[in-house]
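Work through these exercises with the model open. Try each task before reading its solution.

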Amino acid sequence: MDPSLLREREAFKKRAMATPTVEKKIRPESAPPPKDEPKKKIRPPTAPKLDANTYKTMAGSSQYRFGILAKIVKHMRTRHQDGDDHPLNLDEILDETNQLDIGTSVRNWLPEALQNNPKIEVSPEGRFSFKPVYKIKDGKSLLRLLKQHDLKGLGGVLLDDVLESLPHCEKVLKNRASEIVYITRPIDKKKILFYNDRTANFAIDEEFQKLWRAVTVDAMDDMKIDEYLEKQGIMSMRDHGLKKPAIPKRKKPQNKKRQFKKPRDNEHLADVLQTYEDNTLTQKGATVTG
């Protein structure tokens, strides 16, 4: 090998040894950071599905309780309309409505609920029966009710109330059709029953009926009708209707003081008048000295 090259090589090593250097350590390649995994949606815990058998025994379901109560009231009304008006105890009611499998809490709640229901009547023995709007059992009692309403001026009776109160109502209404008048109420289209008083039936001239139907007084009160009659020279309305009692006027208190009136002499005793002065008795026409 050329000796000059060896010398240059040795000189290069010396210079390299004299020059300080910082050696960089080779770090192992770090693994890439893990990507964020998508968060799983946490669903709220769902309530367990209700079984029909467990639902019937739930004590806190007010809807279930009032459903049982409504079924009982409906059954009692149907019994009454069919003519079965004898009272029943709670076990008999539950047996007829097929509700013997209710829970203990509902069974304990039902007696108080039935007592507070306006459609249920409780006997002294603790038995229950349906409470109708009117105490009517047949056609005679229905006509008696309509007559009382007619005489007292109470108006008619709702057909719905009669259907609820009267057993075998359709049959009775059919037999008494000639003694009852039906009028449909324009507000809610409900039918009203009135007693057909045949003694009030009389013939009215057709011309008068046309005049009566042609007059509209819907938008007029009693004052306007009275004014109209006065303009037409009709004064008969003044003597009808309720009269308001006249309120007495209060007298104003007088501020003047009362004057004292002197007592008047007894003029009819003027002939026997006597005076006593200085022990002398003086009488009209005579003087006596003591």
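This is a predicted model: local features need pLDDT of at least 70, side-chain atom pairs count only at pLDDT 80 or more; totals for chains, interfaces and linings use all residues.

Residues are numbered from 1 along each chain as its sequence is written, and side-chain values use heavy atoms, without hydrogens and water.

**Exercise 1.** Find the angle at which helix α3 and helix α5 pack.

Solution. Take α3 at residues 62-81 and α5 at residues 104-116. Their angle is about 55 degrees, and their axes lie 11 Å apart. Angles under 35 degrees count as roughly parallel, over 145 as roughly antiparallel, 65 to 115 as roughly perpendicular and the rest as oblique. The pair is therefore oblique. Next, list the contacts (heavy atoms within 4.5 Å). The α3 side includes Tyr-64, Phe-66 and Ile-72. The α5 side includes Val-106, Trp-109 and Leu-114. By class, the contact has 10 nonpolar, 1 polar and 1 charged residues.

**Exercise 2.** Work out the strand order of the open sheet.

Solution. The order is β3-β5-β4, with antiparallel pairing. Strands pair if DSSP finds at least two bridges between them. β4 and β5 (residues 191-195) pair over 5 bridges. Within this pairing, Val-181 stands opposite Phe-194 in β5. Helix α6 packs on the sheet, touching β3, β4 and β5.

**Exercise 3.** Is Lys-147 buried, partly exposed or exposed?

Solution. Locate Lys-147 in α6, residues 139-151. Its relative accessibility is 37%. Buried means under 20%, exposed over 50%, and partly exposed in between (1.4 Å probe, protein chains only). So Lys-147 counts as partly exposed. Its C-alpha atom is 8.4 Å from that of Asp-197, 50 residues apart along the chain.

Key. Axes are lines fitted to C-alpha atoms, for helices over the stretch in contact, and angles run from 0 to 180 degrees between N-to-C directions. Helices (H or I, at least four residues) and strands (E, at least two) are DSSP runs, numbered from the N terminus. Ala, Val, Leu, Ile, Met, Phe, Trp, Tyr, Cys and Pro count as nonpolar, Asp, Glu, Lys and Arg as charged, and the others, Gly among them, as polar.
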